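Student: Could we go through this model together, with the cut-offs stated as we go?

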Amino acid sequence: MMHMIKLCVGVATLEELESYRNERAHWWGADYGEDVHVHRTRTMPKRKDEMEGQGSIYWVISGVVRCRQPILRLAEAVDEQGLKCCDIIMAPDMVRTIPRPKSPFQGWRYLDPKDAPADIGKGGFEEEGSLELAEELAKLGLI
């Protein structure tokens, strides 16, 4: 299994990302006829088979990994300029993770499961105050 990590450019909060769920696929004319969230990226992952139906995309929002979405499948697509690209088709539900700071990078990166932040509830941080504490501890490199 392999995950993907991606910056959520132009989005400042998890709530803002959640608000895009229903309209995002329509930005590119991508309609998969089901309740999914679609994100388009330029390149198809070479490790596609390790991600489809197994991995998640971890979203970095304002410099912090805050959530993940299970990857259902990856589909080849063509953009409005006729260039090949990849549609990442994800489950619509976002799973909150223990906040973890992440430096900026371009595009997406593979994320080994052993390096992925735990889901909230699995790391002992379940209440809002403890999430803020977790974020501060992560910034200090203590978790």
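**Strands, cores and rings**

Tutor: In the hairpin of β4 and β5, five residues lie between the strands, and among them glycine 82 takes a positive phi near 85°. This is a predicted model, in which local features need pLDDT of at least 70 and side-chain atom pairs count only at pLDDT 80 or more, while totals for chains, interfaces and linings use all residues. Residues are numbered from 1 along each chain as its sequence is written, and side-chain values use heavy atoms, with hydrogens and water left out.

Student: Which residue in β4 is the bridge partner of tryptophan 59?

Tutor: Strand β3 (residues 56-61) runs antiparallel to β4 (residues 64-78), and six bridges join them. Two residues separate β3 and β4 in their hairpin, where serine 62 in the turn has a positive phi of about 55°. The partner of tryptophan 59 in β4 is cysteine 67.

Student: Which residues touch the most other members of the largest nonpolar core?

Tutor: A nonpolar core is a set of buried Ala, Val, Leu, Ile, Met, Phe, Trp, Tyr and Cys residues joined through side-chain atoms within 4.5 Å, where buried means under 20% relative accessible area, exposed over 50% and partly exposed in between (1.4 Å probe, protein chains only). The largest core has 18 residues, and those that touch the most other members are Leu17, Trp59, Ile61 and Ile88.

Student: Is tryptophan 108 buried or exposed?

Tutor: The relative accessibility of tryptophan 108 is 13%. Tryptophan 108 therefore counts as buried.

Student: What is the geometry of the pair formed by the rings of tryptophan 108 and tyrosine 110?

Tutor: Rings of Phe, Tyr and Trp (its six-membered ring) pair if their centres lie within 6.5 Å, with planes under 30 degrees apart counted as stacked, over 60 as edge-to-face and the rest as tilted. By this rule there is one aromatic pair. The ring centres of tryptophan 108 and tyrosine 110 are 5.0 Å apart and their planes lie at 85°, so the pair is edge-to-face.

Key
Pairing = 2+ DSSP bridges. Helix = DSSP H or I, 4+ residues; strand = E, 2+ residues; numbered from the N terminus.
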